Amino acid sequence: MQSAVPPANEAHRLWALRQYDILDSEREALFDEVTSLAACVCEAPIALISLVDVSRQWFKACVGLEATETARSVSFCAHAILQPGVFIVPDTHADPRFADNPLVTGPPHIRFYAGAPLFTPEGYGLGTLCVIDTEPRTLTETQTKALGLMRNHVTKLLDVRLKTRELAELNQELDAYSYAVSHDLRAPVRAVAGFSHLLRAEHGHQLDQDGNELVADIERAAKRMGRLIDDLLYLSRAVRSPVSKESVDLSQLAGEAAAMCRRTHPELHLSVTIAPGMRVQGDPRLIRLALDNLISNAAKFSAHADAPVIEIGCEVADEEARFFVRDNGVGFDMAYAAKLFEPFSRLHSTDEYPGTGIGLTTVKRVIERHGGRVWAEAAVNQGATFYFTLLADPAPAGA
């Protein structure tokens, strides 16, 4: 048996596959219908929409087969994504690549295979629309053409699914903005108006100690209102501004953000370590905005540590670069982790740790607009680590 060699662009291919957020998703009628149609047109007992993951092939839709996935090492589809046209194996027993394949010698006893690869607009092979038979055979010219056309419909369904998800996320954020305008901004505005009224009504032209205290209250409310407005503008920028794609020195951007954080909070005596050589593809302005928020967040919540330490680095898992910002601060209960990235959601009081609750929402939108993910791991009083994924970029030639 010969397992398919991963394509040269495997890391980018897997990245593209993950953008669709489709692996292990529920059955969907449109995908099932195309698969059933492929089985009928090609007169095959088995038909699949198969997606090739790191170490498995997972079936988004299937006809005539109970399995939901198989190992990638025995996958016919892993061979099919290596070429542009329909990949056909007329008789597996006569093909040394597959003759001793467990799917040939055992259930489902594959003797014939035809797979039309599913490609992204950038040319990454995600998987196939394939048909399988337990008898050696081939496809007619008409059937081969029809399988290719049905493959095109599957790729369109994938694109529609991706755009629908992105639109739903955008609508959720627009709802959050409406909530902010109607609720969170209204309170500090009312405070400014109320304190101003008291100042005029009770103290007139002469300010005593009480008057000074009221002025201080006005200033505090105004500052909070200003922070809210600024953070909303940052979030709006993260959501609406175009995203450029260029080679970005993430280590350098992290160093600049850390230096800014030290200047802003000299009293914390922060110790910051940054892994060298981290490069990604993306928009440097937006990525810097995300780093500013992550590093300032780490500084804020490690402020009470005896020696605040922030680490910025990268780990690789399943051929995916996972960057992180780690601190030794107060951490949080993982039971509330899902709330971290919601607009205006806070796990600590503003008196204890000041802020508006928008920074991590901004981080989430920046990373997701680059096609990445962001999440956090922590324990109470044991620090926190915020992970995010961006498409890693190799160092330039000669670097």
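These are my notebook entries on a predicted model.

**Entry 1. Ground rules**

I note that the model is predicted, that local features need pLDDT of at least 70, that side-chain atom pairs count only at pLDDT 80 or more, and that totals for chains, interfaces and linings use all residues. Residues are numbered from 1 along each chain as its sequence is written, and side-chain values use heavy atoms, with hydrogens and water left out.

**Entry 2. Overview**

I looked up the secondary structure and found 10 helices and 13 strands in the protein. Helices (H or I, at least four residues) and strands (E, at least two) are DSSP runs, numbered from the N terminus.

I then looked up burial: of the 399 residues of the protein, 46% count as buried. Buried means under 20% relative accessible area, exposed means over 50%, and partly exposed lies in between (1.4 Å probe, protein chains only).

For contacts (heavy atoms within 4.5 Å), I considered those with a separation of 6 or more; residues 24 or more positions apart account for 68% of them.

**Entry 3. The open sheet**

In what order do the 6 strands of the open sheet lie? I read the order as 3-2-1-6-5-4, with antiparallel pairing. Two strands pair if DSSP finds at least two bridges between them.

The edge strands are strand 3 (69-71) and strand 4 (87-89), each of which pairs on one side only. Neighbouring strands of this sheet are turned by 25° against each other on average, direction ignored. Axes are lines fitted to C-alpha atoms, for helices over the stretch in contact, and angles run from 0 to 180 degrees between N-to-C directions.

I followed strand 4 to strand 5 (residues 112-119): the two run antiparallel and are joined by 3 bridges. Here Val 89 has Tyr 113 of strand 5 as its bridge partner.

Helix 2 (residues 29-41) packs on the sheet and touches strand 1 (46-52), strand 2 (56-63) and strand 6 (125-133). The direction of helix 2 makes about 80° with that of strand 2.

**Entry 4. Strand 1**

I examined strand 1 residue by residue and found 7 of its 7 residues buried. Ile 46, Leu 48, Ser 50 and Val 52 point one way, while Ala 47, Ile 49 and Leu 51 point the other way.

Strand 1 pairs with strand 6 in the antiparallel sense over 6 bridges, and Ile 46 stands opposite Ile 132 in strand 6. Strand 1 also pairs with strand 2 in the antiparallel sense over 6 bridges, and Leu 51 stands opposite Trp 58 in strand 2. A hairpin of 3 residues joins strand 1 to strand 2.

**Entry 5. Helix 9 against helix 10**

At what angle do helix 9 (residues 284-301) and helix 10 (residues 359-369) pack? I found an angle of about 145°, with the axes 9 Å apart. Their crossing is left-handed, a term used if the near helix is turned anticlockwise from the far one by less than a right angle (right-handed if clockwise).

Helix 9 contributes Leu 286, Ile 287, Leu 289, Ala 290, Asn 293, Leu 294 and Asn 297 to the contact, and helix 10 contributes Gly 359, Leu 360, Thr 362, Val 363 and Val 366. By class, I list 8 nonpolar, 4 polar and no charged residues. Ala, Val, Leu, Ile, Met, Phe, Trp, Tyr, Cys and Pro count as nonpolar, Asp, Glu, Lys and Arg as charged, and the others, Gly among them, as polar.

Helix 10 is mostly covered, with 8 of its 11 residues buried; among them are Thr 361, Arg 365 and Ile 367. Just after helix 10, Gly 371 takes a positive phi of about 85°.

**Entry 6. Helix 1**

Helix 1 (residues 10-19) is mostly covered, with 7 of its 10 residues buried. The buried residues include Glu 10, Arg 13 and Trp 15. Just after helix 1, Asp 21 takes a positive phi of about 50°.

**Entry 7. Single residues**

I located Thr 155 in helix 5 (residues 141-184). Is Thr 155 buried or exposed? Thr 155 counts as buried because its relative accessible area is 14%. Leaving aside residues up to four places away in sequence, Thr 155 touches Leu 118 and Phe 119.

I also checked cysteines: Cys 62 is buried at 18% relative accessible area, and Cys 261 is buried at 6%. The structure holds 0 disulfides, a disulfide being a pair of cysteine sulfur atoms within 2.5 Å.
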